[in-house]
Amino acid sequence: MPSFEDFHLPPAISATLARLGWSPEHPGVGDTTPTVARGHNLVAVAPPAPAYATPVLAAILSRLGNGRRALLIVPAAQLEEWGGLVHVLAREAGLRAQVARGTARAARRLHTESVDCLVSTPETALSLVMRSVLRMETLDAMLLAWPESLRDEELTLLMQDLPKEAQRIIYTSESQHVSTLVERYARKALTVGILGTTTAPVGPVRTTGTGWAGRLSALAELIELLDPASCVIWTVDQRYHEAINQAITAMQPDVTLVTGDAPPAATIIAYDLPAGDRLRQLVGAGEVVLLVPPGTEQYVASIAAPRRPLLLPGVLDAARAAESVQRRAIVKEIEESSLHPAVLTLAPLFERHDPVSVAAALYRLWTSSSPVAPPIAAEVPGATARIYVGLGKKDGANPNELVAVLTKELRVERTKIGRIELRDAYSLIEVPAQDAEHVAAALNGTTIRKKRVTARVDRKPTRSGGDGRNTSRPPRRADHR
(Lines give C-alpha, C1' and ligand atoms only; values in the text may rest on other atoms or scores of the structure.)
Protein backbone atom coordinates (compact mmCIF):
# COMPACT_ATOMS: atom_id res chain seq x y z
CA MET A 1 0.00 0.00 0.00
CA PRO A 2 1.57 3.34 -1.03
CA SER A 3 1.96 6.23 1.40
CA PHE A 4 2.12 9.98 0.90
CA GLU A 5 5.84 9.78 1.63
CA ASP A 6 6.09 7.58 -1.47
CA PHE A 7 4.55 10.51 -3.34
CA HIS A 8 7.50 12.73 -2.27
CA LEU A 9 5.55 14.60 0.41
CA PRO A 10 7.25 15.51 3.73
CA PRO A 11 5.89 13.89 6.94
CA ALA A 12 4.27 17.09 8.29
CA ILE A 13 2.19 17.65 5.16
CA SER A 14 1.41 13.92 4.86
CA ALA A 15 0.06 13.92 8.42
CA THR A 16 -2.15 16.92 7.66
CA LEU A 17 -3.60 15.23 4.58
CA ALA A 18 -4.37 12.11 6.60
CA ARG A 19 -6.05 14.19 9.30
CA LEU A 20 -8.24 15.81 6.64
CA GLY A 21 -9.35 12.36 5.50
CA TRP A 22 -7.24 11.92 2.39
CA SER A 23 -5.44 8.71 1.48
CA PRO A 24 -3.13 7.72 -1.39
CA GLU A 25 -5.91 5.43 -2.68
CA HIS A 26 -8.37 8.32 -3.08
CA PRO A 27 -9.51 8.64 -6.74
CA GLY A 28 -7.23 10.99 -8.64
CA VAL A 29 -4.65 11.41 -5.86
CA GLY A 30 -2.28 8.75 -7.18
CA ASP A 31 -2.07 10.50 -10.56
CA THR A 32 -2.01 14.14 -9.52
CA THR A 33 0.02 14.37 -6.32
CA PRO A 34 3.27 12.61 -7.39
CA THR A 35 3.24 14.50 -10.71
CA VAL A 36 3.08 17.89 -8.99
CA ALA A 37 5.52 16.90 -6.23
CA ARG A 38 8.10 16.11 -8.94
CA GLY A 39 7.61 19.57 -10.48
CA HIS A 40 5.69 18.56 -13.62
CA ASN A 41 2.77 20.43 -15.16
CA LEU A 42 -0.78 19.24 -14.50
CA VAL A 43 -4.30 19.88 -15.78
CA ALA A 44 -6.96 18.50 -13.42
CA VAL A 45 -10.57 18.37 -14.59
CA ALA A 46 -12.60 18.60 -11.37
CA PRO A 47 -15.76 20.14 -9.88
CA PRO A 48 -15.24 23.86 -9.11
CA ALA A 49 -14.58 23.46 -5.38
CA PRO A 50 -11.18 24.10 -3.72
CA ALA A 51 -11.39 20.90 -1.63
CA TYR A 52 -10.58 18.77 -4.68
CA ALA A 53 -7.19 20.47 -5.00
CA THR A 54 -6.07 19.72 -1.43
CA PRO A 55 -3.57 16.90 -2.25
CA VAL A 56 -2.12 18.83 -5.19
CA LEU A 57 -1.83 21.97 -3.08
CA ALA A 58 0.06 19.90 -0.50
CA ALA A 59 2.43 18.76 -3.25
CA ILE A 60 3.00 22.36 -4.37
CA LEU A 61 3.79 23.49 -0.82
CA SER A 62 6.18 20.56 -0.36
CA ARG A 63 8.42 22.14 -3.02
CA LEU A 64 8.44 25.65 -1.55
CA GLY A 65 10.72 27.39 0.95
CA ASN A 66 14.36 28.44 0.67
CA GLY A 67 13.43 31.17 -1.80
CA ARG A 68 10.99 29.10 -3.85
CA ARG A 69 7.60 30.79 -4.20
CA ALA A 70 4.18 29.89 -5.64
CA LEU A 71 1.23 32.00 -6.82
CA LEU A 72 -2.35 30.77 -6.68
CA ILE A 73 -4.79 32.64 -8.94
CA VAL A 74 -8.37 31.97 -7.86
CA PRO A 75 -11.87 33.40 -8.48
CA ALA A 76 -12.78 36.26 -6.16
CA ALA A 77 -15.71 34.34 -4.67
CA GLN A 78 -13.34 31.52 -3.62
CA LEU A 79 -10.53 33.69 -2.23
CA GLU A 80 -11.28 33.09 1.46
CA GLU A 81 -11.92 29.37 0.91
CA TRP A 82 -8.56 28.93 -0.81
CA GLY A 83 -6.85 31.09 1.80
CA GLY A 84 -8.13 28.95 4.65
CA LEU A 85 -7.04 25.75 2.91
CA VAL A 86 -3.56 27.10 2.18
CA HIS A 87 -3.07 28.23 5.78
CA VAL A 88 -4.05 24.79 7.12
CA LEU A 89 -1.39 23.08 5.00
CA ALA A 90 1.28 25.81 5.14
CA ARG A 91 1.17 26.11 8.93
CA GLU A 92 2.13 22.46 9.39
CA ALA A 93 4.92 22.80 6.83
CA GLY A 94 6.40 25.94 8.43
CA LEU A 95 5.69 28.04 5.33
CA ARG A 96 4.44 31.61 5.10
CA ALA A 97 1.26 32.17 3.12
CA GLN A 98 -0.46 35.44 2.29
CA VAL A 99 -4.02 35.92 1.05
CA ALA A 100 -4.16 39.11 -1.03
CA ARG A 101 -7.55 40.57 -0.15
CA GLY A 102 -6.20 43.87 -1.46
CA THR A 103 -2.86 45.29 -2.52
CA ALA A 104 -1.70 47.19 0.58
CA ARG A 105 -0.98 44.39 3.06
CA ALA A 106 0.19 41.98 0.38
CA ALA A 107 2.60 44.59 -0.99
CA ARG A 108 4.04 45.27 2.45
CA ARG A 109 4.57 41.60 3.21
CA LEU A 110 6.12 40.93 -0.19
CA HIS A 111 8.50 43.86 0.41
CA THR A 112 9.48 43.13 3.99
CA GLU A 113 8.96 39.40 4.56
CA SER A 114 9.53 36.10 2.86
CA VAL A 115 6.18 34.96 1.45
CA ASP A 116 6.28 31.39 0.18
CA CYS A 117 2.75 31.21 -1.22
CA LEU A 118 0.53 34.08 -2.38
CA VAL A 119 -3.21 33.54 -2.94
CA SER A 120 -4.79 36.23 -5.08
CA THR A 121 -7.42 37.13 -7.62
CA PRO A 122 -6.11 37.95 -11.13
CA GLU A 123 -6.94 41.63 -10.71
CA THR A 124 -5.02 42.02 -7.44
CA ALA A 125 -2.06 40.00 -8.70
CA LEU A 126 -1.86 42.10 -11.85
CA SER A 127 -1.93 45.28 -9.77
CA LEU A 128 0.95 43.96 -7.64
CA VAL A 129 2.90 43.11 -10.80
CA MET A 130 2.33 46.59 -12.26
CA ARG A 131 3.62 48.09 -9.03
CA SER A 132 6.75 45.89 -9.32
CA VAL A 133 5.96 44.33 -5.95
CA LEU A 134 5.23 40.88 -7.37
CA ARG A 135 7.81 39.75 -9.92
CA MET A 136 6.53 36.89 -12.04
CA GLU A 137 10.06 35.84 -12.99
CA THR A 138 10.73 34.86 -9.35
CA LEU A 139 7.91 32.30 -9.23
CA ASP A 140 8.60 28.58 -9.24
CA ALA A 141 4.97 27.44 -9.50
CA MET A 142 1.60 28.88 -10.47
CA LEU A 143 -1.85 27.39 -9.97
CA LEU A 144 -4.88 28.63 -11.91
CA ALA A 145 -8.17 27.67 -10.29
CA TRP A 146 -11.04 27.33 -12.77
CA PRO A 147 -9.75 29.89 -15.31
CA GLU A 148 -12.97 29.53 -17.29
CA SER A 149 -14.51 31.89 -14.72
CA LEU A 150 -11.62 34.40 -14.95
CA ARG A 151 -10.91 37.16 -17.47
CA ASP A 152 -8.70 35.95 -20.32
CA GLU A 153 -6.87 39.26 -20.77
CA GLU A 154 -5.73 39.36 -17.13
CA LEU A 155 -4.54 35.75 -17.25
CA THR A 156 -2.61 36.46 -20.44
CA LEU A 157 -0.81 39.42 -18.87
CA LEU A 158 0.15 37.29 -15.86
CA MET A 159 1.19 34.18 -17.75
CA GLN A 160 3.29 35.92 -20.37
CA ASP A 161 5.98 36.86 -17.83
CA LEU A 162 6.04 33.48 -16.05
CA PRO A 163 9.41 31.71 -16.55
CA LYS A 164 9.32 28.79 -18.96
CA GLU A 165 10.67 26.45 -16.31
CA ALA A 166 8.01 27.44 -13.74
CA GLN A 167 5.47 24.75 -12.93
CA ARG A 168 1.90 25.22 -14.19
CA ILE A 169 -1.10 23.59 -12.52
CA ILE A 170 -4.61 24.21 -13.87
CA TYR A 171 -7.86 23.12 -12.24
CA THR A 172 -10.87 23.34 -14.52
CA SER A 173 -14.38 21.93 -14.83
CA GLU A 174 -14.54 22.79 -18.54
CA SER A 175 -11.46 21.38 -20.25
CA GLN A 176 -12.63 22.45 -23.70
CA HIS A 177 -12.82 26.08 -22.55
CA VAL A 178 -9.19 26.22 -21.43
CA SER A 179 -7.66 24.20 -24.28
CA THR A 180 -6.08 27.31 -25.83
CA LEU A 181 -4.66 28.39 -22.48
CA VAL A 182 -3.20 24.92 -21.87
CA GLU A 183 -1.72 24.75 -25.37
CA ARG A 184 -0.10 28.15 -25.00
CA TYR A 185 1.18 28.03 -21.42
CA ALA A 186 1.11 24.42 -20.14
CA ARG A 187 2.06 22.23 -23.06
CA LYS A 188 2.76 18.55 -22.36
CA ALA A 189 0.91 18.82 -19.06
CA LEU A 190 -0.56 15.61 -17.68
CA THR A 191 -4.35 15.78 -17.85
CA VAL A 192 -6.27 13.95 -15.13
CA GLY A 193 -10.06 13.72 -14.93
CA ILE A 194 -11.71 13.76 -11.50
CA LEU A 195 -15.23 14.42 -12.77
CA GLY A 196 -16.03 10.74 -13.30
CA THR A 197 -17.41 9.00 -16.36
CA THR A 198 -21.07 10.09 -16.15
CA THR A 199 -21.93 12.28 -19.13
CA ALA A 200 -25.70 12.80 -18.78
CA PRO A 201 -27.12 14.91 -15.93
CA VAL A 202 -28.81 12.97 -13.13
CA GLY A 203 -31.67 13.90 -10.83
CA PRO A 204 -33.99 15.07 -9.59
CA VAL A 205 -32.07 17.20 -7.11
CA ARG A 206 -32.88 20.27 -5.05
CA THR A 207 -30.50 23.23 -5.08
CA THR A 208 -29.98 26.19 -2.81
CA GLY A 209 -27.64 29.10 -3.47
CA THR A 210 -25.21 30.12 -0.73
CA GLY A 211 -21.84 31.82 -0.40
CA TRP A 212 -18.75 29.74 0.34
CA ALA A 213 -18.57 31.17 3.83
CA GLY A 214 -22.31 30.70 4.35
CA ARG A 215 -22.51 26.95 3.85
CA LEU A 216 -22.56 26.14 7.57
CA SER A 217 -25.48 28.46 8.25
CA ALA A 218 -27.20 27.15 5.11
CA LEU A 219 -26.97 23.61 6.54
CA ALA A 220 -28.71 24.70 9.73
CA GLU A 221 -31.44 26.51 7.77
CA LEU A 222 -31.97 23.49 5.50
CA ILE A 223 -32.36 21.07 8.39
CA GLU A 224 -34.78 23.45 10.12
CA LEU A 225 -36.78 23.88 6.91
CA LEU A 226 -36.87 20.22 5.79
CA ASP A 227 -36.89 18.52 9.22
CA PRO A 228 -35.71 15.22 7.67
CA ALA A 229 -36.42 11.87 9.31
CA SER A 230 -32.80 10.97 8.60
CA CYS A 231 -29.99 13.07 7.19
CA VAL A 232 -26.62 12.43 5.56
CA ILE A 233 -24.15 15.23 4.83
CA TRP A 234 -21.59 14.43 2.14
CA THR A 235 -18.23 16.21 1.85
CA VAL A 236 -15.10 15.73 -0.26
CA ASP A 237 -12.89 15.39 2.83
CA GLN A 238 -13.15 15.83 6.60
CA ARG A 239 -11.91 19.41 6.86
CA TYR A 240 -15.28 20.82 7.96
CA HIS A 241 -16.63 17.81 9.85
CA GLU A 242 -15.96 19.23 13.32
CA ALA A 243 -17.52 22.59 12.43
CA ILE A 244 -20.56 20.87 10.89
CA ASN A 245 -21.06 18.75 13.98
CA GLN A 246 -20.94 21.81 16.21
CA ALA A 247 -23.40 23.70 13.99
CA ILE A 248 -26.11 21.05 13.64
CA THR A 249 -25.77 18.37 16.32
CA ALA A 250 -28.34 20.04 18.58
CA MET A 251 -30.83 20.24 15.68
CA GLN A 252 -30.22 16.83 14.11
CA PRO A 253 -28.32 14.59 16.55
CA ASP A 254 -28.50 11.52 14.29
CA VAL A 255 -26.91 13.18 11.25
CA THR A 256 -24.31 11.10 9.40
CA LEU A 257 -21.18 12.69 7.90
CA VAL A 258 -19.57 10.80 5.02
CA THR A 259 -16.86 11.36 2.42
CA GLY A 260 -17.44 8.25 0.29
CA ASP A 261 -20.62 6.37 -0.58
CA ALA A 262 -23.67 7.74 1.20
CA PRO A 263 -25.97 5.31 3.04
CA PRO A 264 -29.73 5.50 2.40
CA ALA A 265 -31.39 8.50 4.07
CA ALA A 266 -34.44 10.71 3.71
CA THR A 267 -32.27 13.72 2.84
CA ILE A 268 -28.69 13.86 1.59
CA ILE A 269 -27.03 17.29 1.60
CA ALA A 270 -23.91 17.70 -0.55
CA TYR A 271 -21.83 20.25 1.36
CA ASP A 272 -19.22 20.15 -1.45
CA LEU A 273 -20.06 19.87 -5.12
CA PRO A 274 -19.94 16.21 -6.18
CA ALA A 275 -18.56 14.80 -9.41
CA GLY A 276 -21.06 13.30 -11.83
CA ASP A 277 -20.55 9.70 -10.73
CA ARG A 278 -20.76 10.64 -7.06
CA LEU A 279 -23.99 12.55 -7.62
CA ARG A 280 -25.50 9.47 -9.25
CA GLN A 281 -24.70 7.45 -6.13
CA LEU A 282 -26.12 10.16 -3.85
CA VAL A 283 -29.37 10.38 -5.85
CA GLY A 284 -29.74 6.61 -5.55
CA ALA A 285 -29.49 6.87 -1.76
CA GLY A 286 -32.10 9.58 -1.09
CA GLU A 287 -33.37 13.06 -1.91
CA VAL A 288 -30.31 15.22 -2.67
CA VAL A 289 -29.85 18.89 -1.88
CA LEU A 290 -26.85 20.62 -3.47
CA LEU A 291 -25.32 23.74 -1.93
CA VAL A 292 -24.47 25.96 -4.90
CA PRO A 293 -21.89 28.71 -4.20
CA PRO A 294 -21.54 31.65 -6.63
CA GLY A 295 -19.78 30.83 -9.88
CA THR A 296 -20.68 27.13 -9.82
CA GLU A 297 -24.16 27.35 -11.31
CA GLN A 298 -23.09 26.29 -14.80
CA TYR A 299 -21.30 23.22 -13.47
CA VAL A 300 -24.34 22.21 -11.41
CA ALA A 301 -26.53 22.57 -14.51
CA SER A 302 -24.18 20.21 -16.38
CA ILE A 303 -24.43 17.38 -13.83
CA ALA A 304 -27.92 17.72 -12.34
CA ALA A 305 -31.35 17.69 -13.99
CA PRO A 306 -34.12 18.23 -13.24
CA ARG A 307 -33.29 20.78 -10.55
CA ARG A 308 -35.73 22.27 -8.08
CA PRO A 309 -34.50 25.46 -6.38
CA LEU A 310 -35.02 25.61 -2.63
CA LEU A 311 -35.26 29.11 -1.20
CA LEU A 312 -33.94 29.40 2.35
CA PRO A 313 -35.78 31.65 4.82
CA GLY A 314 -32.86 34.10 4.99
CA VAL A 315 -32.76 34.43 1.21
CA LEU A 316 -36.52 34.90 1.09
CA ASP A 317 -36.28 37.71 3.64
CA ALA A 318 -33.57 39.39 1.55
CA ALA A 319 -35.73 39.10 -1.58
CA ARG A 320 -38.67 40.66 0.23
CA ALA A 321 -36.41 43.48 1.44
CA ALA A 322 -35.25 44.10 -2.15
CA GLU A 323 -38.85 44.31 -3.33
CA SER A 324 -39.59 46.79 -0.55
CA VAL A 325 -36.69 48.99 -1.66
CA GLN A 326 -37.98 48.99 -5.23
CA ARG A 327 -41.50 49.87 -4.13
CA ARG A 328 -40.17 52.79 -2.07
CA ALA A 329 -38.27 54.06 -5.12
CA ILE A 330 -41.47 53.99 -7.19
CA VAL A 331 -43.48 55.78 -4.50
CA LYS A 332 -40.78 58.44 -4.21
CA GLU A 333 -40.91 59.02 -7.97
CA ILE A 334 -44.71 59.37 -7.84
CA GLU A 335 -44.66 61.81 -4.92
CA GLU A 336 -41.66 63.96 -5.83
CA SER A 337 -41.44 64.07 -9.64
CA SER A 338 -43.52 65.48 -12.44
CA LEU A 339 -44.96 62.54 -14.36
CA HIS A 340 -46.84 64.48 -17.04
CA PRO A 341 -44.33 63.82 -19.90
CA ALA A 342 -44.32 60.12 -19.06
CA VAL A 343 -48.12 59.97 -18.92
CA LEU A 344 -48.37 61.59 -22.38
CA THR A 345 -45.97 58.95 -23.74
CA LEU A 346 -47.87 56.07 -22.17
CA ALA A 347 -51.42 57.33 -22.86
CA PRO A 348 -51.77 55.51 -26.23
CA LEU A 349 -50.70 52.27 -24.52
CA PHE A 350 -53.36 52.69 -21.85
CA GLU A 351 -56.00 52.83 -24.60
CA ARG A 352 -54.89 49.48 -26.05
CA HIS A 353 -53.65 47.60 -22.99
CA ASP A 354 -54.58 47.19 -19.36
CA PRO A 355 -52.66 49.83 -17.29
CA VAL A 356 -51.54 47.13 -14.86
CA SER A 357 -49.94 45.19 -17.72
CA VAL A 358 -48.21 48.36 -18.95
CA ALA A 359 -46.85 49.05 -15.47
CA ALA A 360 -45.65 45.45 -15.12
CA ALA A 361 -43.87 45.61 -18.50
CA LEU A 362 -42.16 48.87 -17.55
CA TYR A 363 -41.11 47.38 -14.22
CA ARG A 364 -39.56 44.38 -15.96
CA LEU A 365 -37.69 46.65 -18.38
CA TRP A 366 -36.50 48.78 -15.45
CA THR A 367 -35.18 45.89 -13.36
CA SER A 368 -33.64 43.97 -16.27
CA SER A 369 -31.74 47.01 -17.58
CA SER A 370 -30.33 48.01 -14.18
CA PRO A 371 -26.61 47.11 -13.96
CA VAL A 372 -26.98 46.00 -10.35
CA ALA A 373 -29.87 45.14 -8.06
CA PRO A 374 -31.02 47.88 -5.68
CA PRO A 375 -29.35 47.68 -2.30
CA ILE A 376 -31.22 45.60 0.24
CA ALA A 377 -29.22 46.54 3.30
CA ALA A 378 -30.07 49.52 5.43
CA GLU A 379 -28.07 52.57 4.48
CA VAL A 380 -25.81 54.15 7.08
CA PRO A 381 -26.12 57.95 6.94
CA GLY A 382 -22.87 59.50 5.74
CA ALA A 383 -21.25 56.15 4.91
CA THR A 384 -18.72 56.21 2.08
CA ALA A 385 -17.00 53.56 0.01
CA ARG A 386 -14.08 53.55 -2.36
CA ILE A 387 -14.06 52.32 -5.93
CA TYR A 388 -10.89 50.68 -7.21
CA VAL A 389 -10.10 51.67 -10.81
CA GLY A 390 -7.29 49.92 -12.69
CA LEU A 391 -5.83 53.15 -14.06
CA GLY A 392 -3.08 55.18 -12.42
CA LYS A 393 -0.20 57.60 -12.83
CA LYS A 394 1.70 55.22 -15.10
CA ASP A 395 -1.20 55.44 -17.55
CA GLY A 396 -1.08 59.24 -17.51
CA ALA A 397 -4.36 59.54 -15.64
CA ASN A 398 -5.25 62.54 -13.49
CA PRO A 399 -8.11 63.29 -11.06
CA ASN A 400 -9.80 65.82 -13.36
CA GLU A 401 -10.01 63.21 -16.09
CA LEU A 402 -11.64 60.68 -13.76
CA VAL A 403 -14.12 63.28 -12.54
CA ALA A 404 -15.00 64.14 -16.15
CA VAL A 405 -15.72 60.50 -16.98
CA LEU A 406 -17.90 60.11 -13.91
CA THR A 407 -19.89 63.29 -14.38
CA LYS A 408 -20.18 63.53 -18.18
CA GLU A 409 -20.30 59.90 -19.30
CA LEU A 410 -21.80 58.16 -16.26
CA ARG A 411 -23.95 61.08 -15.04
CA VAL A 412 -22.66 60.90 -11.47
CA GLU A 413 -23.43 64.08 -9.55
CA ARG A 414 -20.24 66.04 -8.90
CA THR A 415 -21.20 66.53 -5.25
CA LYS A 416 -21.13 62.76 -4.73
CA ILE A 417 -17.48 62.43 -5.75
CA GLY A 418 -15.15 62.61 -2.77
CA ARG A 419 -11.44 62.07 -2.41
CA ILE A 420 -9.53 60.63 -5.38
CA GLU A 421 -6.26 58.86 -4.55
CA LEU A 422 -4.08 58.44 -7.59
CA ARG A 423 -1.47 55.67 -7.33
CA ASP A 424 1.05 54.40 -9.87
CA ALA A 425 -1.05 51.51 -11.18
CA TYR A 426 -4.55 52.28 -9.95
CA SER A 427 -6.86 54.89 -8.43
CA LEU A 428 -9.31 54.95 -5.53
CA ILE A 429 -12.44 57.10 -5.84
CA GLU A 430 -14.60 57.86 -2.82
CA VAL A 431 -18.38 57.93 -3.32
CA PRO A 432 -21.43 57.47 -1.08
CA ALA A 433 -21.70 53.84 0.02
CA GLN A 434 -25.22 53.42 -1.34
CA ASP A 435 -24.04 54.42 -4.83
CA ALA A 436 -20.76 52.49 -4.88
CA GLU A 437 -21.95 49.23 -6.50
CA HIS A 438 -23.89 51.10 -9.19
CA VAL A 439 -21.00 53.45 -10.05
CA ALA A 440 -18.44 50.63 -10.07
CA ALA A 441 -20.59 48.53 -12.39
CA ALA A 442 -21.11 51.45 -14.76
CA LEU A 443 -17.40 52.37 -14.72
CA ASN A 444 -16.17 48.81 -15.23
CA GLY A 445 -15.27 48.22 -18.88
CA THR A 446 -15.21 51.89 -19.89
CA THR A 447 -12.30 53.17 -21.95
CA ILE A 448 -10.11 55.91 -20.51
CA ARG A 449 -6.93 57.00 -22.30
CA LYS A 450 -7.44 54.19 -24.80
CA LYS A 451 -7.38 51.62 -21.97
CA ARG A 452 -10.33 49.45 -21.01
CA VAL A 453 -10.37 49.76 -17.24
CA THR A 454 -11.59 47.44 -14.52
CA ALA A 455 -13.53 48.87 -11.59
CA ARG A 456 -14.89 47.35 -8.40
CA VAL A 457 -15.86 48.38 -4.91
CA ASP A 458 -12.80 48.34 -2.65
CA ARG A 459 -13.74 46.12 0.29
CA LYS A 460 -11.35 47.67 2.81
CA PRO A 461 -13.01 49.51 5.73
CA THR A 462 -13.81 53.12 4.98
CA ARG A 463 -15.32 56.01 6.87
CA SER A 464 -18.90 55.86 8.07
CA GLY A 465 -21.13 58.10 10.08
CA GLY A 466 -21.25 57.42 13.79
CA ASP A 467 -18.83 59.04 16.20
CA GLY A 468 -16.85 62.19 15.83
CA ARG A 469 -13.57 60.45 15.09
CA ASN A 470 -14.82 58.31 12.26
CA THR A 471 -17.22 60.31 10.15
CA SER A 472 -17.07 60.95 6.45
CA ARG A 473 -16.34 64.49 5.46
CA PRO A 474 -18.09 66.35 2.64
CA PRO A 475 -16.28 66.20 -0.70
CA ARG A 476 -13.69 68.92 -1.10
CA ARG A 477 -12.91 70.43 -4.46
CA ALA A 478 -9.21 70.13 -3.77
CA ASP A 479 -9.60 66.37 -3.64
CA HIS A 480 -10.24 65.96 -7.35
CA ARG A 481 -8.86 68.98 -9.04
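Buried means under 20% relative accessible area, exposed means over 50%, and partly exposed is in between (1.4 Å probe, protein chains only). Keep those cut-offs at hand for the tour.

This is a predicted model, in which local features need pLDDT of at least 70 and side-chain atom pairs count only at pLDDT 80 or more, while totals for chains, interfaces and linings use all residues. Residues are numbered from 1 along each chain as its sequence is written, and side-chain values use heavy atoms, with hydrogens and water left out.

**Stop 1: the open sheet**

Helices (H or I, at least four residues) and strands (E, at least two) are DSSP runs, numbered from the N terminus. Two strands pair if DSSP finds at least two bridges between them. Please select the open sheet of 6 strands, whose order is 10-9-11-12-8-13 with parallel pairing. Strand 10 (256–258) and strand 13 (307–309) stand at its edges; each has a single partner strand, so one side of each has no neighbour in the sheet. On average, neighbouring strands here are turned by 25 degrees against each other, direction ignored. For such angles, axes are lines fitted to C-alpha atoms (for helices, over the stretch in contact), and angles run from 0 to 180 degrees between N-to-C directions.

Now zoom in on strand 9 (residues 231–234) and strand 11 (residues 267–270), which run parallel and are joined by 4 bridges. Pick Val232 and you will find its bridge partner, Ile268, in strand 11.

**Stop 2: helices on the sheet**

Contact means heavy atoms within 4.5 Å. Show helix 10 (residues 241–248), which lies across strand 9 and strand 10 and runs at about 165 degrees to strand 10.

Then select helix 9 (residues 215–226). Colour its buried residues: Arg215, Ala218, Leu219, Ala220, Leu222 and Ile223. They pack against helix 4 (79–93), strand 8, strand 9, helix 10, strand 11 and strand 12. Just after helix 9, look at Asp227, which takes a positive phi of about 45 degrees.

**Stop 3: charged pairs**

A salt bridge is a side-chain nitrogen of Lys or Arg within 4 Å of a carboxyl oxygen of Asp or Glu. The structure holds 20 of them. Display Arg449 and Glu401, whose closest N and O atoms are 2.8 Å apart. Arg449 lies in the loop between strand 17 (447–448) and strand 18 (451–452) and Glu401 in helix 16 (residues 399–409), so this pair ties together parts that are 48 residues apart in sequence. Arg449 is partly exposed at 45%, and Glu401 is partly exposed at 21%. For a network, select Glu123, Arg386, Arg419, Glu421, Arg423, Arg456 and Asp458, which are joined by salt bridges that share partners.

**Last stop: Glu154**

Leaving aside residues up to four places away in sequence, Glu154 touches Pro122, Glu123, Leu126 and Thr454.
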